[in-house]
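Hi,

Here is the structure I promised to pass on. Have a look at it first, and my notes follow below.

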Amino acid sequence: MNLAGIAVKNTRRNLFRTVLTVTGVAVAMLAFLLLRTVLSSWTAGVEYSAKDRIATRHKVTFVMWLPRRYVDDIRALDGVKAASWFNWFGAHLPGKEDQFFANIATDPKSFFDIYDEIVVPEDQKQHWLQDRRGAIVGSVLAHQFGWKVGDKVTLEGSIYPGLWEFNIDGIYTATRKSVDQSTFFFDWNYLNESARDSAKEQVGWIITKVPNPAQAAGLVKRIDQLFDNRDIQTLTMSERALNTSFLGMISTMLTAMSMVSVVILLIMMLILGNTIAMGVRERTHEYGVLRAIGFMPKHVSAFVLGEATFIGLFGGCVGVGIAYPLINQGVGRFMEENFTGMFPYFRVAGSDVAIALGLSLLLALVAAAIPAYQASKLHVTDALRRVG
Amino acid sequence: MSDASTTPTSTAANTAANTAVKSGGAAAATLIRLSQVGKTYYRGKEAVEVLKNLDLEMPDGAFEALMGPSGSGKSTLLNLIAGLDNVTSGSIQISGVDLSRMSEGERAKWRSQNVGFIFQTYNLMPVLTAAENVELPLLLTSLPSAERKKRALTALRVVGLEERASHRPDQLSGGQQQRVAIARAIVTDPKIIVADEPTGDLDRASADQILELLVKLNKELGKTIVMVTHDPAAAERASIVRRLDKGQLT
Ligand SMILES: Nc1ncnc2c1ncn2[C@@H]1O[C@H](COP(=O)(O)OP(=O)(O)OP(=O)(O)O)[C@@H](O)[C@H]1O
Ligand SMILES: [Mg+2]
């Protein structure tokens, strides 16, 4: 038997209350870890952005188009290695409006110069380059819809109305996490031919590749200067900034989430503090007895802090113990498969586990600080006079 | 605790001391000496003078009973003797050590080495076994764990509860709990045992057992016992009975 052992045993005094408190701490930590994982995996998604790619879009909004010839103007600039363009197609499987996936028109010829991390078997790639109605789809997306090479797929357009037929020519994977594997890419020429006149020769955004990341910033300025005096001005930014602006709405949500996680921690602290304070109040007489026997104020506060530490850490461990499999095997896979672009890697980070456990401990100590101080300040004879 | 099972006749010194106390105590040295002790409590601005100019000497090896009406200051006096509280005026000397000059921390250390406590409501920790409760005061010493356990069991043997060592308080009767508390009080082998109404919560039979035990501690182990009680039958077991009324010894 030792002092720490007694502190731990004291948590059994009111087992029901301890179980409730541990559960409270565990749930708070689980919620905290979930939110943290959303935050850090989103940040990771942005971190994965390629540093040698820059994106150009309409100055006003992402929704408005740029003239197709801007691509050639950019290609003519010094220090541009390659440029390709993209149009958000915004179509869905007929009758399946709720099953969102990104479908984007691009120029197959320059596409692979830009996205060198996208891998398609050579024969499939060659096929796509020849096939006007061809499409390549990410392996995650192919798996989701059960598509195989050679399948015919019809999509129903909204920005570009009508039914559009495609051949699945290839299934791509990626060697880096900078692109998601659940996008449907198809030939822009197919779109351009069939689009209404006002939508012809228009592109959504242009991605430019520079030989090395150091030149990216300079080129961003030069591209925008180039179009400064044209009818339509551009806004050029790093791929990272593009990803961030894409997620502008979400990022506001994430800020709210991190605030919620702080609130959750505060609630956890209050629950714990209340449990500890109740215990101290009930045991005032007992602390008097301990002090009479010769225990010092520091021992009494150590009992209180020890008990809080145990409850906090135990609750934290339970929370982590639930969060780990839940996120890494359940939620995480779902997020990675369905929101690759935003959350390419949705797993509990070791650092977040450390933070969660560290906070469990720290907040437990903070929550117990006042009760511990009060317990240590008790006057022996007063405490002894206090009944149960 | 090693001499716990020895009989008084086997220790010449003990026998001599006990005889001295029984025969009037002229030869017994004074263990506890209170001179002009005053104790005043303050409730806000209102002062309550509980003890006033109290002089008192208790001989080594005595079994003292303190009686008196409720509110007369018995517990207050006992707490001062036990070093739980400090005097407002005057001084308390125990074995020549002046308690009234000690800091709170020094008194805590002194208590842990010199005083065993028995309370009316036993005050055992419910999550600990009888043996662990008895061992509790030894956690403040540097004794190794095995030695602490051994001493706790010896103390439990003295109170006749060795076979209940692994029981928790809620598995014991009131009388048994009080005996565990007595084992806890003697485990550090203190000179003095203070008991505030040790039989107050017990039926007659259990109370008698406890008193028997206190007499045994006094006679066989030479403990000086100061006991506050309302119970005349309890006071009868003591070698000296003092009465306190309105803060004065009568
Ligand atoms: N901490 C305190 N603060 C204020 N007043 C106190 C305090 N402790 C004791 N008193 C008062 O001092 C007086 C004596 O109290 P004490 O507990 O010593 O009496 P007692 O003789 O032990 O009584 P009882 O037989 O009821 O236990 C009482 O009037 C009590 O209210
Ligand atoms: Mg009293």
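Which element gives the most to the shell around ligand 1? That would be α2(B), with 3 residues. Keep in mind that this is a predicted model, so everything here is computed from it.

Let's start with who is around the ligand. There are 15 residues surrounding ligand 1, and the closest are R385(A), S70(B), K74(B), S75(B) and T76(B). Because residues from both chain A and chain B surround ligand 1, the site is shared between chains. If you'd like to find your way by elements, look for α14 (380–385) in chain A, plus β1 (30–43) and α2 (74–81) in chain B: each of them supplies at least two residues of the shell.

As for what kind of residues these are, the shell around ligand 1 is made up of 7 polar, 5 charged and 3 nonpolar residues.

Now zoom in on the oxygen atoms of ligand 1. An N or O atom in the side chain of S70(B) is 2.5 Å from one ligand oxygen atom. For S75(B), a polar side-chain atom lies 2.7 Å from an oxygen atom of ligand 1. With G71(B) the backbone is involved: a polar backbone atom there is 2.9 Å from an oxygen atom of the ligand. On its own, ligand 1 has 630 Å² of accessible area, and the protein covers 78% of that.

One last thing for when you browse the pockets: the largest pocket is the space taken by ligand 1.

Cheers

Key:
Residues are numbered from 1 along each chain as its sequence is written. Chains are lettered from A and ligands numbered from 1 in the order in which they are written. This is a predicted model: local features need pLDDT of at least 70, side-chain atom pairs count only at pLDDT 80 or more; totals for chains, interfaces and linings use all residues. Side-chain values use heavy atoms; hydrogens and water are left out. A residue is near a molecule or strand if one of its heavy atoms lies within 4 Å of it. A polar contact is a pair of N or O atoms within 3.5 Å; within protein, one must be able to donate a hydrogen and the other to accept it, and residues adjacent in sequence count only if both atoms are side-chain atoms. Accessible areas come from the Shrake-Rupley method with a 1.4 Å probe; for residues, only the protein chains shown count as cover. On a 1 Å grid over the protein atoms alone, a cavity is a set of points where a 1.4 Å probe fits but cannot get out, and a pocket is an open set with protein on both sides within 12 Å along at least five of seven lines; lining residues have an atom within 4 Å of a point. A molecule sits in a cavity or pocket if more than half of its atoms lie within 2 Å of its grid points. Helices (H or I, at least four residues) and strands (E, at least two) are DSSP runs, numbered from the N terminus. Ala, Val, Leu, Ile, Met, Phe, Trp, Tyr, Cys and Pro count as nonpolar, Asp, Glu, Lys and Arg as charged, and the others, Gly among them, as polar.
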